[in-house]
Structures are given as C-alpha cells and as structure tokens.
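Trainee: Could we go through this structure together? I would like to learn how to read it step by step.

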Amino acid sequence: MRKSLGPKPIIYPMPVLIISAYDENDVPNAMNAAWGTICDTSKIAIVLSHDHKTVKNIFLKKAFTVSIADKENVIPADFVGIVSGNNEPDKMKKRAGV
Ligand SMILES: Cc1cc2nc3c(=O)[nH]c(=O)nc-3n(C[C@H](O)[C@H](O)[C@H](O)COP(=O)(O)O)c2cc1C
C-alpha cells in the first residue's frame, strides 16, 4: 500500500560525485558531493557549501570536473569527503588507499 512520507529529501540511491578543481598553483583538490544530479541534457545541478577548498578553487579557475567513484577507489573516494584541503594542504597526496 502507498504510504505518504511527506516532503523529505529521500530519493535513493544518491550516487556520490567526486568534484575536482585546481588551485592557483595548479594543485588539484577533490571533494564528495551527494547533492548532485543531471537536470537537463547538457546540465548538472550540484549543491556545494562555499567554504570547501574545492569550491574556492572552482570560483578561482571557473572550471571543475565531475567523476563517479568505482569500486576499486572507494577508500580514496571516501577520504576526499571527510578531509578538507583547507586543513590538509597535502590532501590529495595523502588520500588513503593509494
Ligand atoms: C558522502 C558525502 C557526501 C557529501 N556531499 C556533499 C555535497 O553534496 N555538498 C557539499 O557541499 N559537501 C558535501 N560533502 C562534504 C565535502 O565532501 C567535505 O566537506 C570535503 O571534505 C570538502 O573538501 P575540500 O574542503 O577539500 O573541498 C559530502 C561528504 C560526504 C562524505
């Protein structure tokens, strides 16, 4: 039987996107974004907090990449979502499992 859950943000699965961008020294950084999806044939929508290092890089370079992690890279893919380049300048070198 159909049950109303009310207006909640609970459409699953939500694949985690890996958003990456370079800083002013062309050092790459990456982060997780679960709040993202395709929204047109040539567009995606992503909801990113402005204080992430990756987001600062996107505004700086006006460019970014979007990737989807595969099974082999699940540990480094998780790492980039829990460590910030704001606090860890060597984040991408230290990413776990690489
Ligand atoms: C599973 C998962 C999903 C996330 N989704 C988002 C998201 O959609 N938007 C966002 O702003 N942050 C999201 N985050 C948080 C950032 O990925 C996280 O704060 C990251 O460390 C930022 O890295 P940076 O400061 O080096 O860019 C998510 C984190 C995880 C673990």
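Predicted model: local features only at pLDDT ≥ 70, side-chain atom pairs only at ≥ 80, totals over all residues.

Trainee: How many bridges join β1 to β5, and which way do the two run?

Mentor: There are 4 bridges between β1 and strand β5, residues 65-68, and the two run antiparallel.

Trainee: And how many bridges join β1 to β2?

Mentor: β1 and β2 are joined by 6 bridges, and they too are antiparallel. Across this pairing, S20 stands opposite A30 in β2, and A21 stands opposite N29.

Trainee: What holds paired strands to each other in general?

Mentor: Strands of a sheet pair through backbone hydrogen bonds, and the pairing may be parallel or antiparallel.

Trainee: What lies between the strands in the hairpin of β1 and β2?

Mentor: The hairpin has 5 residues between the strands, and D26 takes a positive phi near 60°.

Trainee: In what order do the strands of the sheet come?

Mentor: The order is β2-β1-β5, in an open sheet of 3 strands with antiparallel pairing. β2 and β5 each have a single partner strand, so they stand at the edges and one side of each is left without a neighbour in the sheet. From one strand to the next, the twist averages 30°.

Trainee: Which strands does α1 touch?

Mentor: α1 packs on the sheet and touches β1 and β2, and its direction makes about 50° with that of β1. α2 also packs on the sheet, touching β1 and β2, but its direction makes about 90° with that of β2.

Trainee: Let me step back. How many helices and strands does the protein chain have?

Mentor: The protein chain has 3 helices and 5 strands. Along the sequence they follow the pattern β-β-β-β-α-β-α-α.

Trainee: How much of the chain counts as buried?

Mentor: Of its 98 residues, 15% count as buried. The C-alpha trace spans about 55 × 30 × 25 Å along its principal axes.

Trainee: Which residues make up the largest nonpolar core?

Mentor: There are 7 residues in the largest nonpolar core: L17, I19, A30, M31, A33, A77 and V80. β1, β2 and α2 are the elements that give two or more residues to this core, and β2 gives the most, with 3 residues.

Trainee: Which residues of β1 are on its covered face, and which are on the uncovered one?

Mentor: L17, I19 and A21 form the covered face, whereas I18, S20 and Y22 form the uncovered one. Beyond its neighbours within four places in sequence, L17 is in contact with A33, G36, I46, V66 and I68.

Trainee: Now the ligand. Which residues come nearest to it?

Mentor: W35, T54, G81, S84 and G85 come nearest, out of 20 residues around the ligand.

Trainee: Which elements supply that shell?

Mentor: β2 (28-33), α1 (53-61) and α2 (74-82) each supply at least two residues of the shell. The largest share, 4 residues, comes from β2.

Trainee: And how does the shell divide by class?

Mentor: It has 9 nonpolar, 9 polar and 2 charged residues.

How values were computed. Residues numbered from 1 in each chain as written. Near = placed C-beta within 6 Å. Nonpolar A, V, L, I, M, F, W, Y, C, P; charged D, E, K, R; others polar. Buried ≥ 20, exposed ≤ 12 C-beta atoms within 10 Å, placed from the backbone. Core = buried A, V, L, I, M, F, W, Y, C linked by C-beta atoms within 7 Å. Contact = placed C-beta atoms within 7 Å. Pairing = 2+ DSSP bridges. Axes fitted to C-alpha atoms, helices over the stretch in contact; angles between N-to-C directions.
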